[in-house]
Amino acid sequence: MKIAKKVNLGLLALAAITFACGGGEKASSSSETAEVAAPAPAKEVSLEEKYANDPIYIKGLEKVKGSDCTSCHMVERKIVGPSYAEVAAKYESTEENVTMLAQKVIQGGVGVWGEVPMPAHPGLSEEDAKDMVRYVLLLKK
């Protein structure tokens with residue numbers, strides 16, 4: 001009888017160790033299935049990567065950086081004037097809007113985005129202003 005107790009105790013210990021070490025097939029296959037089924041997180045792409053070969057983006061960014069626009073505007077954050085993203089969200093990228101907004105950049109204005117006036121830029125050519133506006137409208141999310 002003493003031997004039977006030792007054998008039963010040994011079998012019980014062996015079963016416990018096997019179970020604790022993942023001896024059950026169902027437990028490991030369900031975790032593998034969960035890992036396979038989970039979609040990979042989407043990689044966030046920067047504007048530079050997204051528009052690296054877009055001539056509108058390249059030309060517009062160059063002209064915006066060479067002007068005083070960045071003292072009042074940022075891509076995604078309001079400073080003095082609206083962010084470029086806010087402007088892009090408000091206006092569709094049509095030739096009529098590009099022409100109208102380019103004129104506002106050249107002539108300046110007040111009231112559309114609040115009471116702080118946007119200064120006129122009379123030294124800016126209409127074509128340069130249009131390039132800048134096309135760049136801004138390209139930043140629509």
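This is a predicted model: local features need pLDDT of at least 70, side-chain atom pairs count only at pLDDT 80 or more; totals for chains, interfaces and linings use all residues.
Colleague: Where in the chain is Met74 placed?

Modeller: Met74 is in the loop between helix H4 (55-65) and helix H5 (84-90).

Colleague: What part of the protein chain counts as buried?

Modeller: Buried residues make up 23% of the 141 residues. The accessible surface of the protein chain is about 10,200 Å², and carbon and sulfur atoms account for 63% of that surface.

Colleague: And the contacts: what percentage join residues at least 24 apart?

Modeller: Take contacts in the protein chain between residues at least 6 apart in sequence: 50% of them join residues at least 24 apart.

Colleague: Next, cysteines. How many disulfides does the structure hold?

Modeller: The general idea is that a disulfide is a covalent bond between the sulfur atoms of two cysteines. The structure holds zero disulfides. For Cys69, the nearest cysteine sulfur is that of Cys72, 8.6 Å away.

Colleague: Which class of accessibility does Cys69 fall into, buried or exposed?

Modeller: Cys69 has 16% relative accessibility and therefore counts as buried. Cys72 has a relative accessible area of 24%, so Cys72 is partly exposed. The cut-off that separates these two cases is 20%.

Colleague: Now the aromatic rings. How many aromatic pairs are there?

Modeller: A pair of aromatic rings is described by the distance of the centres and the angle of the planes. Here the count is three aromatic pairs. One of them is Tyr57 with Tyr135, a tilted pair with 5.5 Å centre to centre and 50 degrees between the planes. Tyr57 is in helix H4 and Tyr135 in helix H7, 78 residues apart, and the pair links distant parts of the chain.

Colleague: Are Tyr57 and Tyr135 buried or exposed?

Modeller: Both Tyr57 and Tyr135 are buried.

Colleague: What kind of pair do Tyr84 and Tyr135 form?

Modeller: Tyr84 and Tyr135 form an edge-to-face pair, at 6.0 Å centre to centre and 75 degrees between the planes. This pair also links distant parts of the chain: Tyr84 lies in helix H5 and Tyr135 in helix H7, 51 residues apart. Tyr84 is buried, as is Tyr135. Ring pairs join Tyr51, Tyr57, Tyr84 and Tyr135 into a cluster.

Colleague: Last, charges. How many salt bridges are counted?

Modeller: Side chains of opposite charge can pair when their charged atoms come close. The count comes to seven salt bridges. Among them is the one between Glu126 and Lys130, at 3.6 Å from N to O. Both residues lie in helix H7, four residues apart, about one turn of the helix.

Colleague: Does each partner count as buried or partly exposed?

Modeller: Glu126, at 35% relative accessibility, counts as partly exposed, whereas Lys130, at 15%, counts as buried.

Colleague: Which residues form salt bridges with Arg134?

Modeller: One partner is Glu127, with the closest N and O atoms 3.8 Å apart. Arg134 is partly exposed, with a relative accessible area of 21%, and Glu127 is partly exposed too, at 45%. Another partner is Asp131, with the closest N and O atoms 3.5 Å apart. Arg134 and Asp131 both lie in helix H7, three residues apart, about one turn of the helix. Asp131 counts as buried because its relative accessibility is 7%. Salt bridges with shared partners join Lys63, Glu95, Glu127, Asp128, Asp131 and Arg134 into one network.

Colleague: What is Asp131 in contact with, beyond its neighbours within four places in sequence?

Modeller: Those contacts are Lys59, Gly60 and Lys63. Asp131 itself is placed in helix H7, residues 126-138.

How values were computed:
Residues are numbered from 1 along each chain as its sequence is written. Side-chain values use heavy atoms; hydrogens and water are left out. Helices (H or I, at least four residues) and strands (E, at least two) are DSSP runs, numbered from the N terminus. Contact means heavy atoms within 4.5 Å. Buried means under 20% relative accessible area, exposed over 50%, partly exposed in between (1.4 Å probe, protein chains only). Accessible areas come from the Shrake-Rupley method with a 1.4 Å probe; for residues, only the protein chains shown count as cover. A disulfide is a pair of cysteine sulfur atoms within 2.5 Å. Rings of Phe, Tyr and Trp (its six-membered ring) pair if their centres lie within 6.5 Å; planes under 30 degrees apart count as stacked, over 60 as edge-to-face and the rest as tilted. A salt bridge is a side-chain nitrogen of Lys or Arg within 4 Å of a carboxyl oxygen of Asp or Glu.
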